[in-house]
Amino acid sequence: MLSLLLIFLIVFILWPLIRIGWQIWSNMRQWKRFMADPEAEMRRRAAKSRTGYNPFGAFYGNREEKPARRGKKISRDVGEYVAFTEVELTETEKSERDKTATTDFKKEEQITDVKWVDL
């Protein structure tokens, strides 16, 4: 019975406490290293992320692999090509265009819902 109690104590109480302590110690060590030399620490983290390193133990392979190229969603035979040429307007044509263009602008009254009171 005592051995069962000891196993229960180790598995359910001591092991989680040890894991939490290890994580706190690891985070504090990373923080100290970062505060000592931020640029070097960022370069180190970038190098680890390029190699697919995961601090929790999993390895995801090379992350620089390009995803498989997909084909076009709309084929080239859909639609039509429209050829166009750009036309430059002379000064007289621009002024005539501006004279004939009418702009319908109607100023609206400002609507206010709240009256502001300074305190």
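The protein exposes about 13,100 Å² of surface, and 60% of that comes from carbon and sulfur atoms. Keep in mind as you look around that this is a predicted model. Of its 119 residues, 4% count as buried.

The secondary structure is quick to read. You'll find three helices and zero strands, so the pattern along the sequence is simply α-α-α.

Let's start with helix H1, which covers residues 2–36 and carries both Trp22 and Trp25. These two sit three residues apart, which means about one helical turn separates them. Their rings form an aromatic pair, with 5.1 Å from centre to centre and 40 degrees between the planes. Why call that tilted? Stacked needs planes under 30 degrees apart and edge-to-face needs over 60, so an angle of 40 degrees falls into the remaining class. The structure holds three aromatic pairs, and this is one of them.

Trp25 comes in at 46%, so partly exposed is the label here.

Now move on to helix H2, residues 38–50, where Glu41 lies. Is Glu41 buried or exposed? With a relative accessible area of 4%, Glu41 is buried, since buried means under 20%. As for what surrounds this residue, set aside the neighbours within four places in sequence, and Glu41 is in contact with Arg33 and Phe34.

Technical notes. Residues numbered from 1 in each chain as written. Predicted model: local features only at pLDDT ≥ 70, side-chain atom pairs only at ≥ 80, totals over all residues. Heavy atoms only, no water. Phe/Tyr/Trp six-rings, centres within 6.5 Å; stacked < 30°, edge-to-face > 60°. Helix = DSSP H or I, 4+ residues; strand = E, 2+ residues; numbered from the N terminus. Buried < 20%, exposed > 50% of the residue type's maximum accessible area, 1.4 Å probe, protein only. Areas by Shrake-Rupley, 256 points an atom, 1.4 Å probe, with all protein chains shown as cover. Contact = heavy atoms within 4.5 Å.
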